[in-house]
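Take a first walk through this structure.

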Amino acid sequence: MSVFPVDLSSDTQTRPTADMRKAMANAEVGDEQKREDPSVNRLQDSVAELTGKQAALFLPSGTMCNMIGHAIHCRPGDEIIVEESTHPVHFEGGGPAVHSRAQLRTLSTQTGVFTPEQLEAAIRPNDPHFPNTRLVCVENTHNIRGGRIWSLEAVQAVADCAGKHGLLLHLDGARLMNAVVASGTSAADYCRPFDSCWIDLSKGLGCPVGAVIAGSKEFIDQAWRYKHLFGGAMRQAGIIAAAGVHALQHHVDRLAEDHVKARALAMGLAEIKGITIDVNAVETNIVLFDTVDTGVGRSTILTRLLEHGVRFSPLMESTRLRAVTHLDISHDGVERALSALQTVLAQ
Ligand SMILES: Cc1ncc(COP(=O)(O)O)c(C=O)c1O
């Protein structure tokens, strides 16, 4: 359990379950770098099959998946089109500039889902003055916009536009399985238009570490090279890969429970005086809400909640808060968070 009994700050706060720990303890292992770790190989094969791609590669983090995707697809001076609040824009230390010497061009949205018209308007003409538009990235679900889902139609419309202009497509699927479970669209259908795609194991799937990137055999051969280059190649990594194999077998369908709990939290928040929330915007496990009309400052609320064992997180520079449900949040936890917030606001 987290140091905060009700830790809604992120779905990265899960701890491995007893069964997951058992799977890890019993994992068959070998030298991953020699492709001899059976558990790593099993995980990679599972993700290749899940995403409908030729091959997959286990990496230490989702950030490295994005960095490797950018590095393989882009050349120095290229431009990557992304929504303005996606992970690489804010939380990857300027990675695209550092590792790929590519720049980001951002599209504004309310929901994280941009349109083919927005994409079309951002594509640069072929002129030596301009950077070369190379890659389009989609984040599904979209974290900072509140776990919003890209529908398959929205993905396809953007993919068609990208294809028309010869652009490559990369999917940040840190929470793709939340989108899959909530929408009923298969991971393979979602991933089909993408040249590279990845899922995170250390978020809703509840693993302690890891992410898996997938693509063509040629793409994954190149990804192996970058994995070594970035210092991400491991040895008996089967110990952690086994957690991923276990999660894909046991923790996917249960994501629906996290979505139900997020919805319950949102409905409870909507009842609290001074809280502004769009309950219908809660599509998966992330809840965004505004406390500005409660008359209590955001940081005061967050600090006082910690005294009740409840942790939310601030949503960047806005006045909003963010709560994320996950494996270690029970229905009681949701109730406890709501009543702690009421107590804190009444103080
Ligand atoms: C949408 C998104 N992409 C990428 C990442 C990076 O994943 P990791 O923490 O595994 O590096 C995160 C992590 O929060 C995320 O939310």
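The protein carries 32 positive and 40 negative side chains. The centres of these two sets lie 4 Å apart. Lys and Arg count as positive, Asp and Glu as negative, while His and the chain ends are not counted. Each charge is placed at NZ of Lys, CZ of Arg, CG of Asp or CD of Glu.

This is a predicted model, where local features need pLDDT of at least 70, side-chain atom pairs count only at pLDDT 80 or more, and totals for chains, interfaces and linings use all residues. Residues are numbered from 1 along each chain as its sequence is written, and side-chain values use heavy atoms, with hydrogens and water left out.

Now the overall build. The C-alpha trace spans about 60 × 55 × 35 Å along its principal axes. The secondary structure comes to 14 helices and 12 strands. These are DSSP runs numbered from the N terminus: helices are H or I with at least four residues, strands E with at least two.

How much of the protein is buried? Of its 347 residues, 57% count as buried (under 20% relative accessible area, with a 1.4 Å probe and protein chains only).

Turn to helix 3, residues 62-73. Its 12 residues reach 17 Å from first C-alpha to last, close to the 16 Å expected at 1.5 Å a residue. That expected span is 1.5 Å times one less than the number of residues. Helix 3 is largely enclosed by the rest of the structure, because 11 of its 12 residues are buried. Among them are G62, M64, C65 and H73.

Technical notes:
Buried < 20%, exposed > 50% of the residue type's maximum accessible area, 1.4 Å probe, protein only.
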